[in-house]
Each structure stands twice: as structure tokens, then as C-alpha cells.
Amino acid sequence: MIASHASWRNAPSQQSFCLLALLSMLIAAPAFLMIRLLEPELVLPAFSILLFSDAVIAAIVARINSENVTLWDIAGAFTMMGCAATIFSEPDQVALFFEQPAEQRPDTPR
């Protein structure tokens with residue numbers, strides 16, 4: 001009887017589920033657009049930037065909602081996935097990712 005009450009307190013709340021769904025959508029929608037719109041060699045650097053920005057968002061929300069340790073774990077997971085995406089991308093791909101917008105603007109001095 002006591003064990004059933006203890007597991008009831010540790011059950012995830014609806015707020016945690018909604019926050020996890022929101023963070024998932026913050027990754028899924030832009031990732032889908034990146035895959036569809038970017039060249040294949042630019043997807044991995046863009047995905048790493050997306051994961052690092054989502055890690056920052058999760059860390060800010062975790063800082064505001066400090067009693068929820070799971071948000072810090074999610075921020076850490078996003079950071080680790082961003083590091084992995086950065087490691088697997090080639091330096092030429094990252095340079096190409098940052099040089100592409102500069103080449104498209106005609107008003108940049110050469």
C-alpha cells in the first residue's frame with residue numbers, strides 16, 4: 001500500500017509531458033525543414049546549431065523551473081547530441097555553411 005503511494009508521487013505530470021512535447025517540436029519542425037531545404041553537406045552543421053540552441057532553451061526553462069531535474073537532463077542530452085553532430089561534420093561543411101549566405105548577397109565587398 002505504501003509503495004503504491006510512493007510511485008504515484010513520482011509519476012510524470014501533464015506539465016512535464018507538454019514541455020517535452022514542445023521541446024520535441026522545437027527540434028522536429030526545423031530539422032524537417034533543414035533536411036528538405038539545405039544541401040546534404042550543410043544539414044549536420046545546421047543540426048548541431050539547432051541542438052545547441054534547443055539546449056539553451058531547455059536550460060533557461062530548467063533554471064526558471066528549478067524543481068524539475070529532468071529539464072537539466074534534457075538540456076544536457078541536447079548538448080551532447082549537438083557535440084556529436086559537430087564532431088561528425090567535416091570542417092569544410094561548417095565553412096561552407098557559414099560562407100553560403102555571404103556569397104548570395106551582392107552588396108558584400110570583396
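**View 1. Buried S48 in helix 3 of a predicted model.** At a relative accessibility of 6%, S48 counts as buried, where buried means under 20% relative accessible area, exposed means over 50%, and partly exposed lies in between, judged with a 1.4 Å probe and protein chains only. S48 lies in helix 3; helices here are DSSP runs of H or I with at least four residues, strands are runs of E with at least two, and both are numbered from the N terminus. Leaving aside neighbours within four places in sequence, S48 is in contact with G82, A85 and T86, a contact being heavy atoms within 4.5 Å. This is a predicted model, in which local features need pLDDT of at least 70 and side-chain atom pairs count only at pLDDT 80 or more, while totals for chains, interfaces and linings use all residues. Residues are numbered from 1 along each chain as its sequence is written, and side-chain values use heavy atoms, with hydrogens and water left out.

View 2. T79 lies in helix 4, which covers residues 69-88, and T79 is partly exposed because its relative accessible area is 30%. Not counting residues up to four places away in sequence, T79 touches F52 and A55. The C-alpha atoms of T79 and S48 are separated by 8.7 Å, although the two residues are 31 residues apart along the chain.

**View 3. D54, a buried charge in helix 3.** Helix 3 covers residues 40-64, and D54 has its place there. D54 is buried yet has no salt bridge, and the nearest side chain of opposite charge, that of R63, is 19 Å away. A salt bridge is taken as a side-chain nitrogen of Lys or Arg within 4 Å of a carboxyl oxygen of Asp or Glu; Lys and Arg count as positive and Asp and Glu as negative, whereas His and the chain ends are not counted. When residues up to four places away in sequence are set aside, D54 touches L26, I27 and F78.

**View 4. Helix 3 from end to end.** The 25 residues of helix 3 should span 36 Å at 1.5 Å a residue, and the end C-alpha atoms are 37 Å apart, which agrees; the expected span is 1.5 Å times one less than the number of residues. The buried residues of helix 3 include L42, V43, P45, A46, L50 and L51, as well as A55, A58 and A62. An α-helix has 3.6 residues a turn, so residues three or four places apart point the same way.

**View 5. A31 in helix 2.** A31 is found in helix 2 and counts as buried because its relative accessibility is 12%. Not counting residues up to four places away in sequence, A31 touches F47 and L50.

**View 6. A nonpolar surface patch.** L22, L26 and I57 make a nonpolar surface patch of about 230 Å². Patches are made of residues with over 30% relative accessible area and no salt bridge, like charges being joined within 9 Å and nonpolar side chains (Val, Leu, Ile, Met, Phe, Trp, Tyr) within 5 Å. L22 has its place in helix 2, residues 14-37, and is partly exposed, with a relative accessible area of 48%.

**View 7. E90 in the loop between helix 4 and helix 5.** E90 is found in the loop between helix 4 and helix 5, the latter covering 91-104, and at 45% relative accessibility E90 counts as partly exposed. E90 and L44 are 46 residues apart in sequence and 8.9 Å apart in space, C-alpha to C-alpha.

Conventions
Areas by Shrake-Rupley, 256 points an atom, 1.4 Å probe, with all protein chains shown as cover.
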